[in-house]
Amino acid sequence: MNKNSVLEMRNISKSFPGVRALQNVQFSLCEGEIHALMGENGAGKSTLIKVLTGVYSKDEGDIFIKGIDNAVSIRSPQDAQNLGISTVYQEITLCPNLTVAENMFIGRTKGAGVNWKKMNDEADRILESLDIPAKAKQQLSSCSIAIQQMIAIARAVDMQCKILILDEPTSSLDEQEVEKLFKLMRDLKKKGVGIIFVTHFLDQVYEVCDKITVLRDGQFVGEYEIKDLPRVQLVSKMLGKELDDMSDIRGDYEGPGENVEKIFEATSLQSNAGIKPFDFYIRKGEVNGFTGLLGSGRSECVRAIFGADRVIKGTIKKNGQTVKIGKPIRAMKLGIGYLPEDRKVDGIIGDLSVRENIVLALQVMKGFFRPFSKAQAYKFADEYIKKLEIKTASADTPIKSLSGGNQQKVILARWLLTNPEYLILDEPTRGIDVGTKIEIQKLVLELAKQGKSITFISSETDEMLRTCSRLIVMRDRKVVGELKGDQLNQNTIMSTIAGGDK
Ligand SMILES: Nc1ncnc2c1ncn2[C@@H]1O[C@H](COP(=O)(O)OP(=O)(O)OP(=O)(O)O)[C@@H](O)[C@H]1O
Ligand SMILES: [Mg+2]
């Protein structure tokens, strides 16, 4: 083993029925290093991590850990923990009903007598030392997702881990929260912890990482020092091809003019989710978007339109006629589709197959008493598996065995299949790799050109700038502005989000 290495994984292979998820993969990590693990959706990142943490057993290969002469055997998450390996998964695996302190020490207090006071004091001390704004006795569910994630890290750190794994930890954090997380990562790095960081955000990789390992289709592509690998090269290594121009996908599509009909229009709409009443419209063939910080009320607005939250005030018109939505099923029948932000809660049904997940929304619209024929369902599923390049062994594979990004594509397929006149996409590209992101943006513009209307919400402003011809800006649960034409640039968006009076 290299003398600075804390971890070396050699020639790791792992197959699932029909998929070779990893083939002879190498990965090494030094002390005090932040090492990005990059690759397209389905490249094998999470599988490699799960092999390392004992969630999956490897088929072949060896794992070496600093200070241990022979290859180690990691057969369970407990084994991994004993070796100083800690993981924070994207989906938080803590218990929301317990307190912060309980979550930090769960499964670690031995014997009968738990000293609550000592535990709470200790938790507060750790939280403070890591600058995490939470209190030991608070219920975990009262903390934001970002804070919960940091608590998960605090738990890992306190277990004296030498290797910390973060699998897409930032996808639900806003900019400030990401900064906090990075500070925490840098502090840990100084203490000599080796960190493996999985993310699809290139900016973040270039901001905090020292090294990058790239995987493609389950194979090791290479390990690079960050300074030796410019962005474009990283992207082409991930995709295995040159990326054509990323900036201009819109071409000459300007969006509909002022006189084109408003297909949906809402007036003084307010839901029970705590947003201020707002006005909204969308024209035929338009792509517009909601922008604002996480938690500013972007999702709540579209949920009110779709009837996913209870509307307490206001009216909605379709083509000038007042309609009553009230429930998602009504919205769907009126031609609205909605891809929710949180696919874990509102989206996937893990045990069902890819095919069943794809046809689900269409089936709901049709009514469950009139099921599709199998042949029809396969036809739909296969069409979208191809169109969105969903990586799956077959249409019958349970969706839960797909990689995170590919699950997201299945949900997108579900809504595209219902062929709605108005499609609402809330963070459709979260967790999706760069190549596919651009494909999805192109698809959105293509739909608009065909006369569909789309509302696009994304935390990445450049993605909205590439697709939207009008942006609605939100702050503190209120619509505070609308930008179009020349105003559609990063600076104006940022200053409108922040509020102009500072
Ligand atoms: N439990 C499983 N059963 C069957 N196939 C699986 C299982 N877990 C992963 N796979 C397959 O292994 C391949 C690699 O998946 P993995 O989750 O490692 O990708 P990833 O690089 O993490 O992608 P993403 O960026 O989308 O999260 C995929 O083709 C996936 O469908
Ligand atoms: Mg993954």
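**Close-up views of the predicted model**

**View 1. Ligand 1 between two domains.** Ligand 1 lies between domain 1 (5-229) and domain 2 (263-498), because both domains give residues to the shell around the ligand. The model shown here and in the other views is predicted. The shell around ligand 1 has 19 residues, of which Gly-42, Lys-45, Thr-47, Ser-403 and Gly-405 come nearest. By class, six residues of this shell are nonpolar, ten are polar and three are charged. At least two shell residues come from each of β2 (19-30), α1 (45-52) and α14 (404-417). Helix α1 gives the most, with three residues.

**View 2. Polar atoms next to oxygen atoms of ligand 1.** A polar side-chain atom of Ser-46 lies 2.9 Å from an oxygen atom of the ligand. For Ser-401, a backbone N or O atom lies 3.1 Å from a ligand oxygen atom. For Ala-43, a backbone N or O atom is 3.2 Å from an oxygen atom of ligand 1. On its own, ligand 1 has 640 Å² of accessible area, and the protein covers 88% of this.

**View 3. Ser-236 in helix α8.** Ser-236 lies in helix α8 (residues 231-239). Ser-236 counts as buried, at 15% relative accessibility. A polar atom of the Ser-236 side chain lies 3.2 Å from the backbone oxygen of Gln-233.

**View 4. The salt bridge of Glu-383 and Lys-387.** The side chains of Glu-383 and Lys-387 meet in a salt bridge, at 3.8 Å from N to O. Both residues lie in helix α13 (residues 374-387); because they are four residues apart, about one helical turn separates them. Glu-383 is partly exposed, with a relative accessible area of 35%. Lys-387 is also partly exposed, with a relative accessible area of 47%.

**View 5. The salt bridge of Glu-258 and Arg-283.** Glu-258 and Arg-283 meet through their side chains in a salt bridge (3.9 Å, N to O). Glu-258 lies in the loop between α8 and β10 (262-271) and Arg-283 in strand β11 (residues 278-283), so the pair ties together parts that are 25 residues apart in sequence. Glu-258 is exposed, with a relative accessible area of 61%, whereas Arg-283 counts as buried at 9% relative accessibility.

View 6. The closest N and O atoms of the salt bridge between Arg-470 and Glu-482 are 3.1 Å apart. Arg-470 lies in strand β18 (residues 470-475) and Glu-482 in strand β19 (residues 478-484), so this pair ties together parts that are twelve residues apart in sequence. Arg-470 is buried, with a relative accessible area of 3%, and Glu-482 is partly exposed, with 34%. Through shared partners, salt bridges join Glu-258, Arg-283, Glu-286, Arg-470, Glu-482 and Lys-484 into one network.

Terms used
Residues are numbered from 1 along each chain as its sequence is written. Chains are lettered from A and ligands numbered from 1 in the order in which they are written. This is a predicted model: local features need pLDDT of at least 70, side-chain atom pairs count only at pLDDT 80 or more; totals for chains, interfaces and linings use all residues. Side-chain values use heavy atoms; hydrogens and water are left out. A residue is near a molecule or strand if one of its heavy atoms lies within 4 Å of it. A polar contact is a pair of N or O atoms within 3.5 Å; within protein, one must be able to donate a hydrogen and the other to accept it, and residues adjacent in sequence count only if both atoms are side-chain atoms. Accessible areas come from the Shrake-Rupley method with a 1.4 Å probe; for residues, only the protein chains shown count as cover. Ala, Val, Leu, Ile, Met, Phe, Trp, Tyr, Cys and Pro count as nonpolar, Asp, Glu, Lys and Arg as charged, and the others, Gly among them, as polar. Domain bounds come from an automatic or database domain assignment. Buried means under 20% relative accessible area, exposed over 50%, partly exposed in between (1.4 Å probe, protein chains only). A salt bridge is a side-chain nitrogen of Lys or Arg within 4 Å of a carboxyl oxygen of Asp or Glu.
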